[in-house]
Amino acid sequence: MLRIITQQADVKAELQRICDRTHDEQVLHKEATVREVLQAVKRQGDKAVLHYTDEFDNQILKAEELRVTGSELDAAYQQVSKELLEAIQLASRQIEAFHRQRVPKSWVHFGDDDIVLGKRYTPVDRAGLYVPGGRAAYVSTVLMNAIPAKVAGVPRIVMATPPGAQKAINPAVLVAAQEVGVQEIYRVGGAQAIAALAYGTETIPKVDVITGPGNIYVTLAKKLVYGTVGIDSLAGPSEVLIIADEGANPVHVATDMLAQAEHDPMAAAILFTTDPALAKNVQVAVERQLVDHPRRIDTEKAIAHYGLIVLVESLDAAAELSNEFAPEHLELEVKDPWAVLPNIRHAGAIFLGYSTPEAVGDYLAGPNHTLPTSGAARYASALSVETFLKHSSIIQYSQTALNKVAGAIDALATAEGLPSHADSVKRRIQQDE
Ligand SMILES: NC(=O)c1ccc[n+]([C@@H]2O[C@H](COP(=O)([O-])OP(=O)(O)OC[C@H]3O[C@@H](n4cnc5c(N)ncnc54)[C@H](O)[C@@H]3O)[C@@H](O)[C@H]2O)c1
Ligand SMILES: N[C@H](CO)Cc1c[nH]c[nH+]1
Ligand SMILES: [Zn+2]
């Protein structure tokens, strides 16, 4: 049963518990498993990948089966309906249009004394996209990963996704990949996929950046390989926080909570409302919708452990508590969402008004659905074109410009006790004289 608590109760502690669910003591044993997988793949390459694919995905593969073949890619098109293909194409167009807005551009500035300063953006050489596949077939996640990588101009894009029954990858996932120009696909999931992409194996290439969401194992693995490779963010088990007033429809609010809870038993679904009647009605609606929910067991677990309704005193109080939680998704199901928006500081994506269910953003509105979770929205943002770009600073000084700053550099270098730094400038001044 979804719990209702009042703002007077220890709401902050309860929110903290839910927020910390992916990094509290209870996940330590999972982290130990992930560390073991990372070490084994680093040392033994494909052999370890195949071992853990058998252990965690129940699929016995040979090394030569890791890469999806051209004939499998071709065959996938025969297995998806025209309607689904058109939906993938519509979503692709909208996601691409959004990600093409304000792509960072290289720039140079020509200053006094022929000083040139600038920033030069270049894509990473290789990107590894993780597309989850344990409990659902994440067709939309292929698009959310690959389109920004393409827009950034990444020359080599590879994808990893877990094998399903009979080693197969969902055909819609394969079609989505081809629609956005990704052909190099490996059937590997979980921590072993992240390890393979981070360290490289005989079959799977080492990449420079790994992006994409995943369950607790994938997220812990991404955290642990950060530094060896870049990552987008810690985009772990899904979350929704809904702020609703008396105008919200309780059946809609309940469905939106279940829409995130159904992703994972570790997903979180929270409602803040000023209306006691809405709180009760949402609680009842969640129970009713769970009765014949096809993913009832996992969804119920998420609701029981990480579901919560909080009766708040005001929308201002709701916004403040929401900032403490920093949700992945925030829905403002209130009469005037634009009046609440200025009070929101931390959220991965914000959905405004009664007619904007979070699922619009999951699939095709355009903004990226790969978003930071478990409080990471306090410092991180959605996957974007920038995730695949880095910039080099550009600096050019003329002799005149160098002469003018020589004294200042000498003073700073001497203060730091670094004489060769000072000399590297002074010697150039002497050469000129
Ligand atoms: N934050 C985001 O942007 C975002 C977006 C989409 C999905 N998600 C999340 O992605 C996740 C998808 O999870 P999923 O499970 O469906 O797919 P997944 O691909 O992330 O995980 C499946 C893999 O987990 C590994 N695994 C399963 N049980 C294991 C165990 N006991 N020990 C070690 N490894 C194990 C297996 O190797 C399997 O391949 C959900 O948590 C969902 O909420 C997040
Ligand atoms: N809600 C997920 C992000 O937490 C994204 C997604 C993909 N498909 C359905 N939903
Ligand atoms: Zn979703």
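Ala, Val, Leu, Ile, Met, Phe, Trp, Tyr, Cys and Pro count here as nonpolar, Asp, Glu, Lys and Arg as charged, and the others, Gly among them, as polar. By that scheme the shell around ligand 2 holds one nonpolar, five polar and two charged residues. The model is predicted: local features need pLDDT of at least 70, side-chain atom pairs count only at pLDDT 80 or more, and totals for chains, interfaces and linings use all residues. Residues are numbered from 1 along each chain as its sequence is written, while chains are lettered from A and ligands numbered from 1 in the order in which they are written.

**Overall fold**

- The protein chain has 17 helices and 14 strands. Helices (H or I, at least four residues) and strands (E, at least two) are DSSP runs, numbered from the N terminus.
- The C-alpha trace spans about 85 × 55 × 45 Å along its principal axes.
- Of the 433 residues, 44% count as buried. Buried means that 20 or more other C-beta atoms lie within 10 Å of the residue's own; exposed means 12 or fewer, and partly exposed lies in between, with C-beta atoms placed from the backbone.
- Among contacts with a separation of 6 or more, 74% join residues 24 or more positions apart. A contact requires C-beta atoms, placed from the backbone, within 7 Å.

**Domains**

- The chain divides into domain 1 (4-25 + 237-369), domain 2 (45-234) and domain 3 (397-432). These bounds come from an automatic or database domain assignment.
- Domain 2 and domain 3 have C-alpha centres 47 Å apart.

**Ligand shells**

- Ligand 1 is surrounded by 30 residues, the closest being G134, G189, G190, P213 and H263. A residue is near a molecule or strand if its C-beta atom, placed from the backbone, lies within 6 Å of it.
- The shell around ligand 1 has twelve nonpolar, 14 polar and four charged residues.
- Helices α3 (46-57), α8 (190-199) and α9 (216-225) each supply at least two residues of that shell.
- Ligand 1 lies between domain 1 and domain 2, because both give residues to its shell.
- Around ligand 2 stand Y138, S140, T141, S238, Q260, E328, D362 and H369.
- Domain 1 and domain 2 each provide at least three residues of the ligand 2 shell.

**The β2-β3-β14 sheet**

- Three strands form an open antiparallel sheet in the order β2-β3-β14. Strands pair if DSSP finds at least two bridges between them.
- β2 (107-110) and β14 (389-396) are the edge strands; each has a single partner strand, so one side of each lacks a neighbour in the sheet.
- The twist averages 15° from one strand to the next. Axes are lines fitted to C-alpha atoms, for helices over the stretch in contact, and angles run from 0 to 180 degrees between N-to-C directions.
- Four bridges join β2 to β3 (residues 116-123). F110 has V116 of β3 as its bridge partner.

**Loop residues**

- D114 sits in the loop between β2 and β3. D114 is exposed, with 12 other C-beta atoms within 10 Å.
- Phi of D114 is near 60°, a positive value in a residue other than glycine. Most residues other than glycine have a negative phi.
- A326 lies in the loop between α13 (315-325) and β12 (329-333). Its phi is near 55°, also positive in a residue other than glycine.
- A326 is buried, with 24 other C-beta atoms within 10 Å.
- G247 belongs to the loop between β9 (239-244) and α10 (250-261). G247 is exposed, with 12 other C-beta atoms within 10 Å.
- Leaving aside neighbours within four places in sequence, G247 contacts K335 and Y354.
- G247 and D114 are 133 residues apart in sequence and 62 Å apart in space, C-alpha to C-alpha.

Methods
Two residues are in contact if their C-beta atoms, placed from the backbone, lie within 7 Å.
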